[in-house]
Amino acid sequence: MSDDGKAAAALARETPSSDTQAERLSALQRDNQRLRELLAAAGRLAEFGRFAAKLNHELRQPLFAIKGLAQLLLDRERADADEVRDFARHIVEQSERLATLVSDLRQLSIPAPREARPVVEISPVVLRVASMLDWRFRRGVTLRTEFAPDLPAASIATHELEQILINLLSNALDAVAGRPGPLVQVRAQAATTPAGEAVVEILVADNGSGVPRSVRERLFVDFFTTKGHEEGTGLGLAVSRELARAAGGDLVLLESPGSWNEPATTVFKATLLSSSARGAPP
């Protein structure tokens, strides 16, 4: 056999038949499908884990509030009827919040479409959330609020705004705990974005020790916390930013506190669409 004939025979032996190629392709497709299924399952598991962590975070706030209010009652040797009724009212409010969370878990995982969002007045929600956390403010922390005249409503669901404020105020209270002259300030004002969109800004300031620059970039990352795992879940700010962005707004930590009536070291700003903004319901 000539050299050319030998080379052709060797090439024929090395070249897979069409049946063999089809089998290999089929095996690769099966492996690819299995990999996709594994990745999808891993994604669902990760999402479920995050949802469970969010649920845990949401339930902890009212549970701790109920515990704190009950403990304040136990610690008092004497309490008049009006004070007892006030504590009882707060406990009922927190119990109702728990019932709402349990009965409508979708609120935690599926934000309402932007076009379907209701509008809410800011100042009553701020004052209601402050009342929910009254048991913590009673520990010597001063709260000052400042609402701009003719403050417009914001385009966000009430329970979502409540959760954002609970997280921001709780963090501020943690920041000032044990410090001299602990102070938390809340300011709500109308503003306009560079794009000309009408918004409402809610600023929450505290006079704690401040946020180290080394952790600022990670503050809004899921499960990141500077409080230790016993005290924080690392989801408060992440969930709050998610809620604000789902409503067409945002949540940021300001680089500098800006001008306040009293000293402030840390300021978070939640920006929400004004009810007069385009796309917000009337």
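Helix 7 passes helix 8 in a left-handed crossing, a term used when the near helix is turned anticlockwise from the far one by less than a right angle. This is a predicted model, in which local features need pLDDT of at least 70 and side-chain atom pairs count only at pLDDT 80 or more, while totals for chains, interfaces and linings use all residues. Residues are numbered from 1 along each chain as its sequence is written, and side-chain values use heavy atoms, with hydrogens and water left out.

**The chain as a whole**
- The protein chain has eight helices and seven strands; these are DSSP runs numbered from the N terminus, with helices (H or I) of at least four residues and strands (E) of at least two.
- Of its 282 residues, 38% count as buried, meaning under 20% relative accessible area, whereas exposed means over 50% and partly exposed lies in between (1.4 Å probe, protein chains only).
- Among contacts between residues at least 6 apart in sequence, 74% join residues at least 24 apart; contact means heavy atoms within 4.5 Å.

- Helix 7 covers residues 158-176, and its 19 residues should span 27 Å at 1.5 Å a residue, which agrees with the 27 Å between its end C-alpha atoms; the expected span is 1.5 Å times one less than the number of residues.
- Helix 7 is mostly covered, with 14 of its 19 residues buried.
- The axes of helix 7 and helix 8 (residues 236-246) come within 9 Å and cross at roughly 145°; axes are lines fitted to C-alpha atoms, for helices over the stretch in contact, and angles run from 0 to 180 degrees between N-to-C directions.
- Glu160, Gln163, Ile164, Asn167, Leu168 and Asn171 of helix 7 meet Gly236, Leu237, Ser240, Leu243 and Ala244 of helix 8.
- The residues of this contact divide into five nonpolar, five polar and one charged; Ala, Val, Leu, Ile, Met, Phe, Trp, Tyr, Cys and Pro count as nonpolar, Asp, Glu, Lys and Arg as charged, and the others, Gly among them, as polar.

**Positive phi angles**
- Most residues other than glycine have a negative phi.
- Asp150 has a positive phi of about 55° although it is not a glycine.
- Asp150 is placed in the loop between strand 2 (142-147) and strand 3 (154-155), and it is exposed, with a relative accessible area of 79%.

**A buried loop residue**
- Ala264 lies in the loop between strand 6 (250-253) and strand 7 (266-273), and it is buried, with a relative accessible area of 18%.
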